[in-house]
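Let's take a walk through this structure together, one piece at a time. Keep the picture open beside you as you read.

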Amino acid sequence: MSIIITGMSGFVGKNLSIFLQKQDNLIIPISLREKKWKDYINKRADAIIHLAGKAHDTSDVSNPDEYYKVNRDLTIELFNEFLVSDIKKFFYFSSVKAAADTVVDSLTEDVEPNPITHYGKSKIEAENYITNQKLPEGKKVYIIRPCMIHGRGNKGNLNLLYKLVEKGIPWPLAAFENKRSFLSIDNLNFLIHQMLNKNIPSGIYNFADDKSISTNELISTINTALGKKAKLWKISKDLIEGVAGFGDKLHLPLNTERLKKLTESYVVSNQKIKSALGIEKLPVSAEEGLIKTIKSFKTK
């Protein structure tokens, strides 16, 4: 199978392209920043996997217009080329943040989208354009909404937590109970490979590991991978929230926004994609995937 991939230099792109090449697929990388990228679309390929995009800037210093130019406008341009090409499958990597910034129970694909950030809004606008177009006969379109992805080479929040635990610093927020969904790169690769080779309906699909875990469980898992005993401090919630309030005024590392990010729940359902593919569970458990990622930090 010949597969066009945008954003192949990123974390997901590197891992996914290597995995698909091992399955005897021909990978064709393209950059939407190059003027001649449309020439590749006109060449024969079986699928497009659109990974390229502007990631969420948690420091909130990015120009909002950039999100729309990259995440919405370039996606629309690429999708329009797909519509008039002979390519049969189009995968657009959106985000769970296109649907919701906070989750009460479990996020499913039929939720009414209500993104708050420009990142989420730019993603949902691209999604809406895609779903409003009439597909030519024989074509399939898949909008993928992954939650937090991790694996070897990942430089996100997991790495920050790892460094905290590695230094022996106790986790002071153990009094807060939450549940969060993660997605190992191995499960992502597996799902895309299955979707490339099976004829499932077009639509929106959440990607997440089978089990959600708490931040306290995550800290314990990191300690297990390091061969250490977890140090979980259950300090009064009121005290922690008071300190976070002072953090807002004094610009301290712990503020109310950061506390929310560290302690809120965000559970994502993956039942729709598993049902479509006819599978009961993903090949890598949430714990196995996290331990594999954490151990990769030790080799750096």
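Aspartate 24 is exposed, with a relative accessible area of 70% (buried is under 20%, exposed over 50%, partly exposed in between, using a 1.4 Å probe and protein chains only). You'll find aspartate 24 in the loop between helix 1 and strand 2, and its phi is positive, about 65°, although it is not a glycine. Histidine 251 also has a positive phi without being a glycine, at about 55°. Look for histidine 251 in the loop between helix 8 (237-250) and helix 9 (256-263); with 71% relative accessibility, it counts as exposed.

A quick word on what you're looking at: this is a predicted model, where local features need pLDDT of at least 70, side-chain atom pairs count only at pLDDT 80 or more, and totals for chains, interfaces and linings use all residues. Residues are numbered from 1 along each chain as its sequence is written, and side-chain values use heavy atoms, with hydrogens and water left out. Helices (H or I, at least four residues) and strands (E, at least two) are DSSP runs numbered from the N terminus.

Strand 8 pairs with strand 5 (residues 140-146) in the parallel sense over five bridges, and arginine 145 has asparagine 206 of strand 8 as its bridge partner.

Contact here means heavy atoms within 4.5 Å.

What else does helix 6 meet? The axes of helix 1 (residues 11-22) and helix 6 (residues 185-197) come within 10 Å and cross at roughly 55°. Among the residues making the contact are Phe11 and Leu16 of helix 1, along with Leu188 and His193 of helix 6. By class, the contact between the two helices has ten nonpolar, three polar and no charged residues (Ala, Val, Leu, Ile, Met, Phe, Trp, Tyr, Cys and Pro count as nonpolar, Asp, Glu, Lys and Arg as charged, and the others, Gly among them, as polar).

Note on methods
Axes are lines fitted to C-alpha atoms, for helices over the stretch in contact, and angles run from 0 to 180 degrees between N-to-C directions. Two strands pair if DSSP finds at least two bridges between them.
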